[in-house]
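Me: Got a model here that I want to go through. Can you take a look with me?

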Amino acid sequence: MNPTQYLPMHSKSILNAVTAPSMPFDWSINPYRGCQHGCSFCYARSTHAFLGEAADDTFQHRIFYKDDAPAILRRQLARLHARGKLPSHVAIGTATDPYQQLEAKAKLTRGCLEALAEYGVGVSITTRSPLVLRDLDLLRGLPGASVNMSMHTLDTAIWRTFEPSTPSPQRRLECARTLTDAGIRVHAFVAPILPHLTDGEADTDALIGAIADAGVRSMMSSFMRLSTPEVKSWFFSVLRASHPELAETYGRLYWHSARLPDSYRRPVYARIAAQMKRYGLTEIGAMEVPKGDAAYATKLPAASPYARADTSAPADRSGCGDQLSAGSPCQPVQLALF
């Protein structure tokens, strides 16, 4: 295994304006580039290529951090405040996890929360890590603070295979319970759902039931997207090693597209909607959906109880996001699948 390297990164800004009309928020913050969690399906993996880095395992072991992020953020907030354009809400963790392992020492996310608290700016955080509990004192004081906890399976074998360095699903559920008990709004992001691995009726029922037992009352779900050749290539390398029997099936599903066919997705989403209703869960509001692998939603018929606007556009163009244009098809990538 490659040793993990941490590299400081100079940035002129940390608070990024999000101009894509399909995105449900206006401002985002991402203190890190690369992610130690190493999720095989992470859409942000391809952003390493923008830095001249490989998008393979390098994404997990060569981490760039914006070492002066809190100070930069304070300067930006001061300028915006002076112009009367202070944001009311900021999304944190729209690309890589703001509570990945380095955050325990670097405390860049905490520093950004402190700056936002000074100006009374609301925040939503997307993470897979219980490290967010460290900052519960700040979250309690931030207006409308919410945490989006990402989890897509209770199966420990699948979790360890596709999210090699993330906290366990059980720890994330316990974190959700603690946050909820502390009065923080928690939304579950059941994403990305992996076809033929985590989308079975028993699998989704068990997960949604566990989410409800944790006190969470709202969630969203989303099938995996493979938006760029870099992401697609890495995911298939993991799939071939762990589930070679599914390589051909996934090849047919994703060979010429970033997303699954509607005919595959819609019945599963409809079933999940029924399961959510049975457990008393509601779909999260559109303005609470940040970008990232959990933000990929589908257009369903208006009559569907699970219908929502399409938020499948790539990440913001001003920060660490995917540079593909909204709605552009994923270009086929040559893979040795068969």
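Me: What order do the strands of the open sheet have?
Reply: The order is β2-β3-β6-β7-β8-β9-β10-β11, an open sheet of 8 strands with mixed pairing. Strands pair if DSSP finds at least two bridges between them. Strands (E, at least two residues) and helices (H or I, at least four) are DSSP runs, numbered from the N terminus. Note that this is a predicted model: local features need pLDDT of at least 70, side-chain atom pairs count only at pLDDT 80 or more, and totals for chains, interfaces and linings use all residues. Residues are numbered from 1 along each chain as its sequence is written, and side-chain values use heavy atoms, with hydrogens and water left out.

Me: Which strands stand at the edges?
Reply: β2 (15-17) and β11 (282-283). Each has a single partner strand, so one side of each lacks a neighbour in the sheet.

Me: How do β9 and β10 pair?
Reply: In the parallel sense, over 4 bridges. β9 covers residues 185-193 and β10 covers 218-223. Ile193 has Phe223 of β10 as its bridge partner.

Me: And what does helix α11 touch?
Reply: Helix α11 (residues 262-279) packs on the sheet and touches β9, β10 and β11 (contact: heavy atoms within 4.5 Å). Its direction makes about 165 degrees with that of β10. Axes are lines fitted to C-alpha atoms, for helices over the stretch in contact, and angles run from 0 to 180 degrees between N-to-C directions.

Me: Switching to cysteines. How many disulfides?
Reply: 0 (a disulfide is a pair of cysteine sulfur atoms within 2.5 Å). For Cys35, the nearest cysteine sulfur is that of Cys42, 6.3 Å away.

Me: Is Cys35 buried or exposed?
Reply: Buried, at 7% relative accessibility. Buried means under 20% relative accessible area, exposed over 50%, partly exposed in between (1.4 Å probe, protein chains only).
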